[in-house]
Each structure stands twice: as C-alpha cells, then as structure tokens.
Amino acid sequence: MPESSVIDTPMSADTLPSRLLDAIEVQRQQLSDPMAAFFYDLSALSDHARRLKHGLPEGVELYYAIKANSEAPILETLAPIVDGFELSSGGEIARACGCSHPRPWVLSGPGKLDSDMRQAIDNGIEAFHIESLGEIARLQEIARDRGRQQAVLLRINPSLPDTLSSRLQMAGAPTPFGIDETDLAEAVEAVDNASHLQLVGFHIHAMSHQKEVARHQQLIGYYLSRWPEWRALAREPDALVQLNVGGGIGVDYSCRQQFDWSALCSWLDGQLRAMHNPPRLRFEIGRFISAFCGYYVIEVLDRKFSHGEGFLVCRGGTHQFRLPAAQSHDHPLIHLPQAVDETAGNAGEPESWTIVGQLCTPKDVLSRDQQLWDVAVGDLLVLPLAGAYGYNISHADFLCHPRPEQHFIQGACSPETGSPEAGSQERKAVSEPDERNEPSDTQRATSIGESATTA
Ligand SMILES: *Cc1c(COP(=O)(O)O)cnc(C)c1O
C-alpha cells in the first residue's frame, strides 16, 4: 500500500527544518555582504523521492528528469533511489555519467546533435526517445557506424480528445516535440526497416504543471487505451513492451494542496491489473521530485514606498531565481527576522510588500502582495519550493552580479517521520559529506559552501 504522500510545505519560520535554519546561520556568519543563496535539504529530497518510488505499483518505474535540477549532490542523492535518469543534452549525459552510482538513462529532446547521439551510444545509453522521422534516419546511420543494435522509443504527439487537450502545452497541439499520431505508422515502419534500431515502446510527455489527479488519470488512461493500437503498428508487436508516460506532475506554488501521488498510484495499480497485457510503465519526473528540497534565501537591502506601494529590495533577484517570473506567479516566502530584539514582533497589522531583487528592470519581481510584520533591513526571506527549475533556468550573468552560492545540507533525518532529529548532530547542518555520499572532486566544487562560479 502506498505510504501517505501528503506534502507539507513550510509556511512559517517555525515549520522550517532546523537543519536548514542552522545552515543559513552558519553561512551568514561567514559573509561580509548580504546573503542570496540556495540551500538544498538532501535528506528531505531522499525521503520524498523514496515515498514517490515506494508508492508506485509493482513494476512501474520512476526516472528522474534531471533538467529540473542536475547539480551533482542532487543526482548523488537520487541515484540510489530512482530507477534511472532522463536526459536531454550532451552536457546532461556528462553529469549523469559523472555520478558515482551509475543508473540507466535515456535521451529525449528535439534537436539532438549527431555528437550527442554518438556520445550517448559510447556511454551506454539505455534507449533513445526519437522525436522525428529525420532523427530515425540519423540515428540509424550512427548506430550502424558504431556496430550497435540500439533500443528506441518513439515519442508520440497524440491526437487527444477535446476533453483532454485543453491546457496541454506539449501534445495534442502543434509543437516541436514528438511525432504526430497521423505520422506514427510511417515512423514505426521506418524504425522496423532500420537495421540497427530496435523499437521497444512509446514515449509521451504531454503536459507540465498537472495539479489535478483526476485529469492526470484521464490522460494516462487514454494512453493505456491507445496502447494496443499503437503497438499493433509494429511488425513484431510483442517486442514493444514499454510505455513512458513522461513527467509533468505539478507543484502548487500557492501551497494550498499538493498533488496526491498516492491516489494516482492506487488508481494506476487498478488499471494495470485490469489490463490483459499491460505495458511496462515508466514515469520520468522532474519538478515533483526536486522542487520541495530547495530554498532560495535572500536578505532585505532596503524598504521603500513608491506611489503607495511598499517594496522590499533584496539581494539577488530573478536573475538567480527566474521561476516566479517564468511562471508569472507570486512566490511564497517566509520572513526570518534577524533583529535581536523581537519584542515588537507581530504586533499590530501586517504590511503588504512587493519583493524585488537588484536588477534594473521592473520585471525583477519575486512576489507581490506579501503580508508581513515588522520587516527590517537585514532580515532574511526564505523562498521554499526552489529546488526545481530555479537557479538552473535563470539568466545569472545579467548585470554581472556574482552567482549565488548553492549549499547542500546533509543533516540526518529520522527515517519514520522525515523530520529533523533534535540534537547536536543537526548543528553541523552544512556538514562534511558523509562517507557514503563522498563526492568526487568535480562534485565537491559545487557541494559544500563554495560558490557555483568555482564549479
Ligand atoms: C521536462 C521533461 C520532463 C520532466 O518534466 P517535469 O514537469 O519536470 O516533471 C520529462 N520528460 C520530458 C521529455 C521533458 O522534456
């Protein structure tokens, strides 16, 4: 039975993990300038990923789509838990192959270079996700040159019924991704005719930001209903065993209700049991795995009022954390007062603030309309849910500000509850990596307390 997958997002300072608060304090004492840094709680990451993995029905696989966050300590933490990695570039291949715990991996994405495909084959790729007819021909040539029989999945851009197609960004509509269902027979035939390619199944990644279990069930249910027909297009249908249903599980950045993973898993279990000859199902999830472990912590540099609106100007900004701008949302945040004298705390009415960074553009807004009490210059604001598509999608060189530091917290966690244990061990929140997770030299550069610029 899946464990409960209810996800609590910290909404106030007293619900932040103590190992995080300790790590922030340790780092702050070492800084001469105000703070803007990322903190990643690796034990929370591993607890969460284990819960996702253990919730799945028997035989259903969980891959991590590393584009959500491919920092070495994140991959090192996830590698022993997930079944594999989903990659989309030569650079990501290098990261996955640099991991001390090698896992199977697949390569997706439009615009694969020939050099990416060669690098993938030479480094032992499990399967390619083919995005176009042209890619089939190129990969056949490369596989033949290398004398390799290569497993491939065809990525389908399905023709979805109207009830499902609304709000899908990546399928059921014109996109550069995958092969239209109307061209699928031709693509299957091309792979069947390619001497060095072996079709093992289909791949569909149709959606991101899916927050409703019922809608995701409809989508996967639709794929499962189509599976027998898609499979029957192949010369040897029995050789097609795998259906990769992509990622796209959303995160509720308003923190009201997170996706009910265990509900999806129980439903899926029932569906697969009811099927005569079910495919081997695989998820490749990014955001919903890594988002919850990350925090962007910024210091208030200035408080000001302009035409009736209050602004907190903070160290950092959207050049380091582009997510709220990219998603057009107001990012949740937690106020961490730093003043020693807190006697005035939470008295009276909160004030409404717009939280901005250091960039000379009006678009540099992290959050609007935040009700906060007694914010002072020097206080910290903690932005949770920053572990996926945060720093790595940001235009960090804009205005030549220094890049933010990234800290990876290794603190111990009690296995039952996933909550931090009290005690002195927690004090070394930004600790030396333990022996089990000893990072290699390249990983060390990005891991403990060093600037990402040195990585
Ligand atoms: C980005 C991506 C994913 C992961 O998406 P999330 O929304 O982060 O889960 C999975 N598969 C493919 C092909 C992708 O492009």
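Which of the 16 residues around the ligand come nearest?

## Ligand surroundings

In this predicted model, the residues that come nearest to the ligand are Ala65, His205, Gly247, Gly286 and Arg287, out of the 16 residues around the ligand. Two elements, strand 10 (280–285) and helix 11 (287–290), each give two or more residues to this shell. By residue class, the shell around the ligand holds seven polar residues, five nonpolar ones and four that are charged.

## Overall architecture

The protein chain has 455 residues, of which 42% are buried, and its secondary structure comes to 13 helices and 17 strands. Among the contacts in the protein chain with a separation of 6 or more, 72% are accounted for by residues 24 or more positions apart.

## The largest nonpolar core

In soluble globular proteins, nonpolar side chains tend to be buried together. Here the largest nonpolar core contains 110 residues, and the members that touch the most others are Phe39, Val152 and Leu154. At least three residues of this core come from domain 1 (13–40 + 292–454), and at least three from domain 2 (44–291).

For Phe39, once its neighbours within four places in sequence are left aside, the contacts are with Leu20, Ala23, Ile24, Tyr295, Val297, His407 and Ile409.

## Helix 4 and its covering elements

Helix 4 spans residues 90–97, and its buried residues are Glu92, Ile93, Arg95 and Ala96. Viewed down the axis of helix 4, these buried residues fall within an arc of 165°, and they therefore line one face of the helix. The elements that cover the buried residues of helix 4 include helix 3 (72–78) and strand 3 (84–87), together with strand 4 (105–107) and helix 5 (114–122).

## Asp83, between helix 3 and strand 3

Asp83 is placed in the loop that lies between helix 3 and strand 3, two of the elements included in the cover over the buried residues of helix 4.

Leaving aside neighbours within four places in sequence, Asp83 is in contact with Glu61, Leu62 and Tyr63. Although Asp83 and Arg282 are 199 residues apart along the chain, their C-alpha atoms are separated by 9.3 Å.

Conventions:
Residues are numbered from 1 along each chain as its sequence is written. This is a predicted model: local features need pLDDT of at least 70, side-chain atom pairs count only at pLDDT 80 or more; totals for chains, interfaces and linings use all residues. A nonpolar core is a set of buried Ala, Val, Leu, Ile, Met, Phe, Trp, Tyr and Cys residues joined through C-beta atoms within 7 Å. A residue is buried if 20 or more other C-beta atoms lie within 10 Å of its own, exposed if 12 or fewer, and partly exposed in between; C-beta atoms are placed from the backbone. Domain bounds come from an automatic or database domain assignment. Two residues are in contact if their C-beta atoms, placed from the backbone, lie within 7 Å. A residue is near a molecule or strand if its C-beta atom, placed from the backbone, lies within 6 Å of it. Helices (H or I, at least four residues) and strands (E, at least two) are DSSP runs, numbered from the N terminus. Ala, Val, Leu, Ile, Met, Phe, Trp, Tyr, Cys and Pro count as nonpolar, Asp, Glu, Lys and Arg as charged, and the others, Gly among them, as polar. The arc is that of the directions from the helix axis to the C-beta atoms.
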